[in-house]
Every structure is written in structure tokens, then in C-alpha cells.
Amino acid sequence: MKVIKFGGSSLASSEQLKKVIHIVSEDPTRRCVVVSAPGKRNPTDTKVTDLLIRYAETVIAGRDYQDIAQQIIERYQEIALGFNFTPEDFAPIRRAILNLPLATYPDNTYLMAAFKAHGEKLNAQLISRVFNLVGIAAQYLDPNDAGLVVTDVPDDAQILPASYPNLRKWQNKANVLVMPGFFGYNEKGEICTFSRGGSDITGAVMARGLNADLYENFTDVDAIYSVNPNIVAHPHAIGHMTFREMRELSYAGFSVFHDEALIPAIQGNIDVNVRNTNHPEAPGTIISARIAPNKKYPVRGIAASKNFCGLYISKYLLNKEVGFTRKVLDVLYKYNVGYEHMPSGIDDITIIMSEDNLNPDIEKAMMAELQATIHPDEMHMIHDYAIVMVVGEGMHDTVGLMARAAAAFAKANIRLQMVNQGASEISIMFGVAQEEANRSVSALYNEFFKQD
């Protein structure tokens, strides 16, 4: 049995949905379909989720919301009319959209979560109806009925372990299950969403819960590529990779998957196949727990993530001062600033953080408190920082790989601000100026994949 998930671009219009119908109908083992909200139909279009966010903001602000509600209705209406829905057929979706502001919510964060979740919820209801009209016996499965229970965090929920026994009850159903992604219900029965892009999480959760043989994730690319195609033209396609590699690359900027999305599949030891809705004949990329080494390609992928900063601290005999790092982290904790990485030396330490955690006032207050607490010899913040990661299962068995990477940076005249190979044996991290991130990716790609 396969669980299959379709992203927003695959469901953006009635024409796209016809492709989905063909994919589902051609393989009788595809028994659970997880759907996103309709995405962009063209580069200037707006995703339905973004329209729903605007709808919620308008309601919260107490402004007239009829125009934005009508825009959302029209997006679903276009899909419904492509399958000859009558006004009576479409009425429940129209009514659900118009009734959203009339419901009662604990506070505005729950209101926002409920509005956003309806992008997927209404799309799943619409698609299950379409499936039945075209001859695919299907049923809509609401996360509440499925028993998908999440933590009580309206916009960043986590799946609760109790969900999996609940989901197993839905194995071997006669009808194809159509499930909305992106949200679940807390123990009080209120909607809570995963973080943005969380429909991939739902797909992996369903694959684990239903004990699927394969989780197919359909998107708008033929495969996962070794680098971002917007940086390097026609890059090397990855046919097979490991969960560890995908997790590292997702963290570093790969946009194929939400970086939490693979965890349920990893826990369930379920292979993932990334496919293209527009070219379903392409084999795509398989992601699994293990893979045979490929000496030709010790590096599987290269990614860059911007919007970081580095807090550099230097203090003589830092390594002798017991509790030094704890003092620093206590100050960061006080200001609700998390850290990403912490490469260190004898007298120096650099703490890599996301710029999203900081603003000028927090930074000023935090730096002043650090100065008073740890009395550094030197301390400053490095802004406009980017992290570039080289990832591959074969790296730890390859002699000279670090030398090749450093030579590639030197050849491109890019100054390295940080190099870190930490606990992971399958990745090396480089810190560079933000404006050098894309050039860094290109330089490393030329070194490790130029043979193509």
C-alpha cells in the first residue's frame, strides 16, 4: 500500500487535478491521498493559504472581508467547475468559507490556525467529491476522525505518539482515503497547524500510521538535484539518497521538503519517492535509510542557507574557565535566542544564530549583558552570514575531500569565515559572507560534479 501526497502546485487548478486523477487511478496500491491547499497557477498568482492568512488578518482587524472571501471562493470554484459541479454541489464549500469569521476561537492564534487549515481541509473535501464523480471510490478523512492528535501549539504543532495507533484503524479501507495535510487537532478538539509547509509532515505521518510500503511525494520537479537549479543550470539529478542526507540538506536550504517532514517516515522505516506530477513517468528520487556507496560521487548535495549571524567571542584561557559556555547560553536563553552551531577553539568561540531571532534592541541588550557576565577580551556580531553545507554518505571514507573543498573556495576567491565538521560524519559546514553564498555553491559544484 502507498500513501501519496500532492503539493500545492499539483492542485492549483482543474487541469492540474486531472493529472492527479490519472496518477491515482493508474496504480490501485495508492490508497491514501494527502493534499495541500491549491498553490500558484502562474508566477504572479497567490497561494490559497496566503489568501486565507490575509482573510484572517482582515477579520482580526475588524475590516470588511467580503472581497477576500470571494477571491478564495473563486479559487475553489474554478476547480469545481472543471468537473461540472452544480451550484448545489459547491454550496458547502462556499458556506464553510463564509462561516469562518462567525466561529468562536480561544484567541486570534487559534483563529489564524483554523483559517489556514481550511486551505487543505476544503481542498480535500472537494477532491474526494471529484474522485467519486470520475469513478474513484473515495472518502474524505478529517484529521479529527482519523485520530491525528497534536500538541496544543496553534502554529507549530507536533504530532503526539497516540496518533499512530488511531491511524492504524484506517488500514485496508475499501475506499481511497483523501486526507488534508498541514493540521491536526489538540486534545481539546481545536485545530492546530504544523509549521508552514507541514502537509509533507502529514504525508509522512499517514505513511507511518498506515504502515505503508512507500510514501510518494508528488511535486513540480523531476527529481531532487544536487544543488539548487536556480544557482546551477541543469544540475546533477540524485536518483537515490539517504534520510540523513536529506535532513542535512533540508536544514541547509533544500526546499523540496519541510525539514521536519521526513521524521515520521524515518521512524517507520518507510522509503520516500519524490516524483513530478507533470512528468509522472520520471522515476524521481528515492530516499531510504541506507544506500550503497558511490565512489564517483562522495558528495550527494550542496546547499546554502542565508540569514544567519555569528557571535564571535574571544577570551584568553577560555578553555580553562569552567561554565563559560553555560554563562553565554544562559544570556541567550534569557532573550529567547536559540543557536544553530557553536564551533570553538582554545580562546575563541563563534555562536551561529538565525537573524530571525534578533532585532537591534535585543542584540544591544544581549551584548551588554554578555559583556558584563563573561568579560570577553573581544566580542562582536558578524551579520550577513551564510552557511554552505557539503553533504554525502561517502564523505567520511574519502581522502582529501576537505582539501578539494578549500581549493574550490580559493580558486573562486571566496574567503572562508568558518569551517566546521562536527558530530555528523556526512557533512561539512562552511561560513561565508551572505553575498558569496551562491558563488560558493557554484564553486563546490564545479569541484565535485564537474565530471558530468
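Mentor: The model is predicted, so local features need pLDDT of at least 70 and side-chain atom pairs count only at pLDDT 80 or more, while totals for chains, interfaces and linings use all residues. Residues are numbered from 1 along each chain as its sequence is written, and side-chain values use heavy atoms, with hydrogens and water left out.

Trainee: What makes H118 count as buried or exposed?

Mentor: Buried means under 20% relative accessible area, exposed over 50%, and partly exposed in between, with a 1.4 Å probe and protein chains only. H118 has 12% relative accessibility, so it counts as buried. H118 sits in helix 5 (residues 108-133). Helices are DSSP runs of H or I with at least four residues, strands are E runs with at least two, and both are numbered from the N terminus.

Trainee: Which residues does H118 touch, leaving out those up to four places away in sequence?

Mentor: H118 touches L52, Y76, L100, N123 and I191. Contact means heavy atoms within 4.5 Å.

Trainee: What is H234 called, at 79% relative accessibility?

Mentor: H234 counts as exposed, because 79% is over 50%. H234 lies in the loop between strand 8 (224-225) and strand 9 (237-238). Its phi is near 50 degrees, a positive value in a residue other than glycine. N211 is not a glycine either, and has a positive phi of about 55 degrees. N211 is placed in the loop between helix 8 (199-209) and strand 7 (214-219).

Trainee: How do you know how helix 2 (residues 48-60) runs relative to helix 3 (residues 66-81)?

Mentor: Two packed helices are described by the angle between their axes and the distance between the axes. Axes are lines fitted to C-alpha atoms, for helices over the stretch in contact, and angles run from 0 to 180 degrees between N-to-C directions. The axes of helix 2 and helix 3 come within 9 Å and cross at roughly 155 degrees. That makes helix 2 roughly antiparallel to helix 3. Angles under 35 degrees count as roughly parallel, over 145 as roughly antiparallel, 65 to 115 as roughly perpendicular and the rest as oblique.

Trainee: What about helix 2 and helix 5?

Mentor: They pack at an angle of about 150 degrees, with axes 8 Å apart. That value makes helix 2 roughly antiparallel to helix 5. Among the residues that meet are L52 and I53 in helix 2, and F115 and H118 in helix 5.

Trainee: Which hand does each crossing have?

Mentor: A crossing is left-handed if the near helix is turned anticlockwise from the far one by less than a right angle, and right-handed if clockwise. Helix 2 passes helix 3 in a left-handed crossing. Helix 2 passes helix 5 in a right-handed crossing.

Trainee: Why are strand 14 (348-354) and strand 16 (418-420) said to stand at the edges?

Mentor: Five strands form an open, antiparallel sheet in the order 14-13-15-17-16. Strand 14 and strand 16 each have a single partner strand, so one side of each is left without a neighbour in the sheet. Neighbouring strands are turned by 35 degrees against each other on average, direction ignored.

Trainee: How do you know that strand 16 pairs with strand 17?

Mentor: Two strands pair if DSSP finds at least two bridges between them. Three bridges join strand 16 to strand 17.

Trainee: Why do the buried residues of helix 13 line one face?

Mentor: The buried residues in helix 13 (residues 401-411) are L401, A405, A408 and F409. Seen down the axis, they fall within an arc of 100 degrees, so they line one face. The arc is that of the directions from the helix axis to the C-beta atoms. The face turned away carries the exposed residues A403, A410 and K411.
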